[in-house]
Protein chains: 2
Amino acid sequence: MPNPTAAMLVIGDEILSGRTRDANMYHLAGQLTEAGIDLVEVRVVSDDAPAIVAAVKSLSAAFDIVFTSGGIGPTHDDITADCIAAAFDDHIDVRDDARALLQAHYDRNGQELNDARLRMARIPDSATLIDNPVSIAPGFTVQNVHVMAGVPSVFQAMVATVLPTLTGGAPLLSETLRIDRGEGDIAGPLGKLAAEYSDLSIGSYPFQKDGKYGANIVIRGQDAVQIASAMTKLESAFPL
Amino acid sequence: MPNPTAAMLVIGDEILSGRTRDANMYHLAGQLTEAGIDLVEVRVVSDDAPAIVAAVKSLSAAFDIVFTSGGIGPTHDDITADCIAAAFDDHIDVRDDARALLQAHYDRNGQELNDARLRMARIPDSATLIDNPVSIAPGFTVQNVHVMAGVPSVFQAMVATVLPTLTGGAPLLSETLRIDRGEGDIAGPLGKLAAEYSDLSIGSYPFQKDGKYGANIVIRGQDAVQIASAMTKLESAFPL
């Protein structure tokens, strides 16, 4: 059975403006690979409601699982929850269960649950909450879309909550061989190897270091024996 | 006049598998912001021809300028050039101008221009070449799509070649204020400020450090005077 497919939607201006270098995509990609869920596409869109709604609809229809990050805080630019509701034609308002979580949290800290903070309890009617052990304000799941925070520590905690609830396939295994020759010398034998092992994914990631060319050849698949067999052939084609 | 809009398409399995953390997106986003070109969307897709072709068509139609990275090397998994040709219904084969560049380069280095390396001279008929001062194999431009390498040093060199040929708008300016209070305390006054300065984009990027909450408030726009005015109001609302 093929692995389930996933997409990620990163919401927010900070990556598109070059202010922030992505961390959540990198984290999620590694986690999904381990879990046997194939991350097939990532989109990054700005804090723009029509763009978010369109991307959610499109990715939700095309893939088994969708993860979003960003835009669920208390400020005016946090519009993700309302966009998810719009994408699924769902009603959204402050929900009692989410409000209770926040009320207890701010009571403990002697802070006021003001209007801004209450925005974080706006959850679509059909959603189930995702636990946020870091800063309490929950994420949520609507159908196949898991809506999570953009702050990396919170994002990672929510991923850790959601992942065990998903049914993955066989984890993707990989082995890497570094070859200190230009890709142009590697490509011929590598292409033949890829054709011979068509169940494996064989990727070539070139690099340039101290003026010399090389490539890391990564062989990926679900069958360790097959990967080892392909790796043996690769090594004998390019002896050190 | 509004700034031109841009999208980026990152092609390749290495980011989706969690093997590599993105660098090219981060570089391009910063460069475009300086150039006054609005990066509106990024997509990451795997080495899968239908996915690449569909993304190129969709982004090329929706935005003024599209940049791609990855998949133009000599190995079997480098399928970007053929996908670009397919997306624009263009013919593609080894082109004399690209072959001449490669032949001269490999002659100089005493290397053979073998079949694999010759793949890098496969360029769509209607394309213009993008200079690659790092490793010679050219990128290319078809209509509004600029096709560049995935190796960061080569990608950056190609961006440096292409950017001056594009007409940008006013550079996006920004000022940042770090406020060491939770977003829930900031959100109310910030929302009012955002409403008052509707020509500016005001973003809140929360962080958590040593158990304390804070946020970097970034005010972006094209009018330095207006940004300074909004920043003054923000500072007086949240005195240090």
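Which residue of β11(A) stands opposite Gln208(A)? Tyr213(A) in β11(A) does. The model is predicted: local features need pLDDT of at least 70, side-chain atom pairs count only at pLDDT 80 or more, and totals for chains, interfaces and linings use all residues. Residues are numbered from 1 along each chain as its sequence is written, while chains are lettered from A and ligands numbered from 1 in the order in which they are written.

**Chain A overall**

- Chain A has nine helices and 11 strands. These are DSSP runs, numbered from the N terminus: helices are H or I with at least four residues, strands E with at least two.
- The C-alpha trace spans about 65 × 40 × 35 Å along its principal axes.
- Of the 240 residues in chain A, 46% are buried (20 or more other C-beta atoms within 10 Å of the residue's own, with C-beta atoms placed from the backbone).

**The sheet**

- Three strands form an open sheet in the order β9-β11-β10 (chain A), with antiparallel pairing. Strands pair if DSSP finds at least two bridges between them.
- β9 (173-179) and β10 (201-209) of chain A are the edge strands, each pairing on one side only.
- β11 of chain A covers residues 212-221 and pairs with β10(A) over nine bridges.

**Helices on the sheet**

- Helix α8 (residues 183-196) of chain A packs on the sheet and touches β9, β10 and β11 of chain A. Touching rests on contacts, meaning C-beta atoms, placed from the backbone, within 7 Å.
- The direction of α8 makes about 170° with that of β10(A). Axes are lines fitted to C-alpha atoms, for helices over the stretch in contact, and angles run from 0 to 180 degrees between N-to-C directions.
- Helix α9 (residues 224-237) of chain A lies across β9 and β11 of chain A, at about 10° to β9(A).

How values were computed
A residue is buried if 20 or more other C-beta atoms lie within 10 Å of its own, exposed if 12 or fewer, and partly exposed in between; C-beta atoms are placed from the backbone. Two residues are in contact if their C-beta atoms, placed from the backbone, lie within 7 Å.
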